[in-house]
Amino acid sequence: MSISPTSALSDAALQAAPSSKARGYWATVGRRLLRDKVSVACALILALIFLSALAAPWLGLADPYQGSMIRRLRHIGTAGYPLGTDELGRDMLARLIYGGRLSLIVGILPVILAFGIGTSLGLIAGYVGGKINTAIMRTVDVFYAFPSVLLAIAISGALGAGIVNSIVSLTIVFVPQITRIAESVTTGVRNMDFVEAARASGAGPFTIMRVHMLGNVLGPIFVYATGLISVSMILAAGLSFLGLGTKPPEPEWGLMLNTLRTAIYINPWVAALPGAMIFAVSIGFNLLSDGMRSAMDIRN
Amino acid sequence: MNDISAPVDMLEPIEDRGGAAQPLLQVNGLTKHFPVRGDLFSRRKTVRAVDDVSFSIAKGETVGIVGESGCGKSTTARLLMHLMTRDSGEIIYDGMQVGRALSLRELRRGMQMVFQDSYASLNPRLTIEESIAFGPKVHGMTDAASRVLARELLGKVGLRPENFANRYPHEISGGQRQRVNIARALALSPRLVILDEAVSALDKSVEAQVLNLLVDLKREFGLTYLFISHDLNVVRYISDRVLVMYLGEVVELGPVDRVWDAPAHPYTRALLAAMPSSDPDHRTETPPISGDPPNPIDPPAGCRFHTRCPFAEPLCANATPKLTALDRLGHQAACYMAIPGSGHSRAPAKQGDTA
């Protein structure tokens, strides 16, 4: 599609704009994203990790819980154990793929929950303004005072170990960050003339939020939240590492990294594998959110 | 250009109740002060953005508002649109008090506004058709009918619907966007359209086209305009009557020809003298007024213009002159020099005792 720069100096130029088919905003963004090779590669790798975690029981893998005392810490490429075995002789490939199930849940679910809560809070604070804004944003600032790792550990420690608790604590860690972004974006959009114009046409606050605010606000928040997924995965791995998240013998990348660290001098390559998975997923989400950001800036 | 022969559904305009003699809009004592937070120990201050402004707009006329930046023109527009709450004053639309006889929702249909920034006033995520159709939908039109109306209005503002309906605001030029904004305002069948610097950001040739379009639309839809601008030539071209504002107050108002030919307030004279002449032999040699407008946080007592007025006398600093009729054509000015027997040395003598 070619968009000619239109200057409208004469009536002829006024009509010179080529006709274009109706195309939704998100369709345009999707098309632009597909042209970005890095984003496509990241999306493919993430999709592969997701699908294998989802389909783990049907992939014909070894039992991830079945250990063997005589086959401990086998090297990568050992017959029958393509990615070696861990310190209890369990198949690493099976544990990495099964581990993706928990790791991805604790990586993504807190971000989704925080996205919902933080966006609502930020929209309300930004759109209503005044005292409500002050109340919401100052409360959020209290949480902001703590470093996120420390906050996550403190909440998890107070709630007790376990997956659900670590998801709750990570959600609490991310809500303030997303609320802040949502509030600042909303405040910016609310002061634009098209929102005034919508008010002048007699639309109520909910219609304005739905039609005029959400579409302009969600994009930047979404990009930010995508970037948080990698942070969430790393924090969740940290919680498991400290014994506050998943409990053994559950396979989970952070916990595996923790238990394998004693074997780092014996078999460093196998010990590094869970870390490599965390790295792959988090960098995948980071690059993808980067690609999203430039794809959503359709003005260029 | 348009071969749509079937009549297009439009929203029913607010019914004309008072007839031609009743002004479409009557504004009495409109006031808006913004609180400014001082530092910890100083008392609260206020910016007197709009101070006791009264005027009326007759049906079918175009009233211009001129003045320097910061004189309260745009605040007045936003107060009239009820986008901002006023501190005091009445706004009466065709004899109906807004909020009582006329609901705010009905007023929205009766009065629409075109903003200066053509880009910021369109949602970048909506197509042009969706932007225009939004208002009618809010007022109960079906999605299909409002889209038909949007396309019809695009044609009326000189944009071919098949080329423009599905485009996004960033894909079209500033002049085209302002046409879209005009179509969006018209979509609610308003009788009064407030044009807040609507052509000021356009380049001159496009500005002229949009002005002519506004004149044509006024005739076709029977509109009344409130035209706010700092461009005196444009105001003279389009307005029937003009209102000169200075620091939140109306200092002079009247038929545009009377005000241009016989400006009664020294501020109006200075404004007119500041217009660049297109004739190099009649170049403006001396600056008509010196200095910046005083800080509206702390406006001068008495006549607000006395600090910059070449004819100021002690009297001017004491009390504010009232808007006073100068003739039977509705020309009024708030200056002691125009008020007979005011005590100013240049004031005309009082003509007998005709009460």
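Me: Where does B:A77 lie?

Reply: B:A77 is in helix α1 of chain B, the one covering residues 73-80. Keep in mind that this is a predicted model.

Me: Is B:A77 buried or exposed?

Reply: Buried: the cut-off is 20 or more other C-beta atoms within 10 Å, and B:A77 has 21.

Me: What is B:A77 in contact with, leaving aside its neighbours within four places in sequence?

Reply: B:M113, B:I194, B:D196 and B:I228. Take B:I194: B:A77 and B:I194 are 117 residues apart along the chain, yet their C-alpha atoms are separated by 6.9 Å.

Me: And what does B:M113 stand opposite?

Reply: B:I194, which sits in β7(B). The strands involved are β6(B) and β7(B), the latter being residues 192-196, and they pair in the parallel sense over four bridges.

Me: Which helix packs on the sheet there?

Reply: Helix α6 of chain B, residues 174-186, which touches both β6 and β7 of chain B. The direction of α6 makes about 170 degrees with that of β6(B).

Me: OK, zoom out. What's the strand order in the open sheet of eight strands?

Reply: In chain B the order goes β6-β7-β8-β3-β9-β10-β12-β11, and the pairing is mixed.

Me: Which strands stand at the edges?

Reply: β6 (111-114) and β11 (324-325) of chain B. Each has a single partner strand, so one side of each has no neighbour in the sheet.

Me: Now β10(B). How many of its residues are buried?

Reply: Six of seven, so to speak mostly covered; the strand is residues 249-255 of chain B.

Me: How does β9(B) pair with β10(B), parallel or antiparallel?

Reply: Antiparallel, over six bridges, with β9 of chain B taking residues 241-246. B:R241 stands opposite B:P255 in β10(B). The two strands form a hairpin with two residues between them.

Me: Which residue in that turn has a positive phi?

Reply: B:L247, at about 50 degrees.

Me: And what about β10(B) with β12(B)? How many bridges there?

Reply: Two, again with antiparallel pairing; β12 of chain B is residues 332-333. B:E252 in that pairing stands opposite B:A333 of β12(B).

Me: Switching to the core. Which residues have the most contacts inside the largest nonpolar core?

Reply: A:I178, B:I194 and B:V244, in a core of 161 residues.

Me: What's B:V244 in contact with?

Reply: Leaving aside neighbours within four places in sequence, the list includes B:V66, B:G67, B:V251, B:E252 and B:L253. B:H265, B:Y267, B:T268 and B:L271 are also contacts of B:V244.

Me: Let's compare chains. What helices and strands does each have?

Reply: Chain B has eleven helices and twelve strands. Chain A has eleven helices and zero strands.

Me: Is chain A compact or spread out?

Reply: Spread out: its radius of gyration is 24 Å, well over the 19 Å from the globule rule for 300 residues, so chain A is more spread out than a compact globule. The C-alpha trace of chain A spans about 85 × 50 × 30 Å along its principal axes, and 41% of the residues of chain A count as buried.

Me: What does the radius of gyration of chain B agree with?

Reply: With a compact globule: one of 355 residues would come out near 20 Å, and chain B has 22 Å. Its C-alpha trace spans about 65 × 55 × 55 Å along the principal axes, and buried residues make up 47% of chain B.

Me: Last topic, the interface. How many residues of each chain are in contact with the other chain?

Reply: 30 residues of chain A are in contact with 37 residues of chain B. On the chain A side, α8 (193-200) and α9 (205-241) are the elements giving two or more residues.

Me: Which element gives the most?

Reply: α8(A), with seven residues. By class, the side of chain A that touches chain B has 14 nonpolar, eleven polar and five charged residues.

Note on methods: Residues are numbered from 1 along each chain as its sequence is written. Chains are lettered from A and ligands numbered from 1 in the order in which they are written. This is a predicted model: local features need pLDDT of at least 70, side-chain atom pairs count only at pLDDT 80 or more; totals for chains, interfaces and linings use all residues. A nonpolar core is a set of buried Ala, Val, Leu, Ile, Met, Phe, Trp, Tyr and Cys residues joined through C-beta atoms within 7 Å. A residue is buried if 20 or more other C-beta atoms lie within 10 Å of its own, exposed if 12 or fewer, and partly exposed in between; C-beta atoms are placed from the backbone. Two residues are in contact if their C-beta atoms, placed from the backbone, lie within 7 Å. Ala, Val, Leu, Ile, Met, Phe, Trp, Tyr, Cys and Pro count as nonpolar, Asp, Glu, Lys and Arg as charged, and the others, Gly among them, as polar. Two strands pair if DSSP finds at least two bridges between them. Axes are lines fitted to C-alpha atoms, for helices over the stretch in contact, and angles run from 0 to 180 degrees between N-to-C directions. The radius of gyration is taken over C-alpha atoms; the globule rule is 2.2 Å times the number of residues to the power 0.38.
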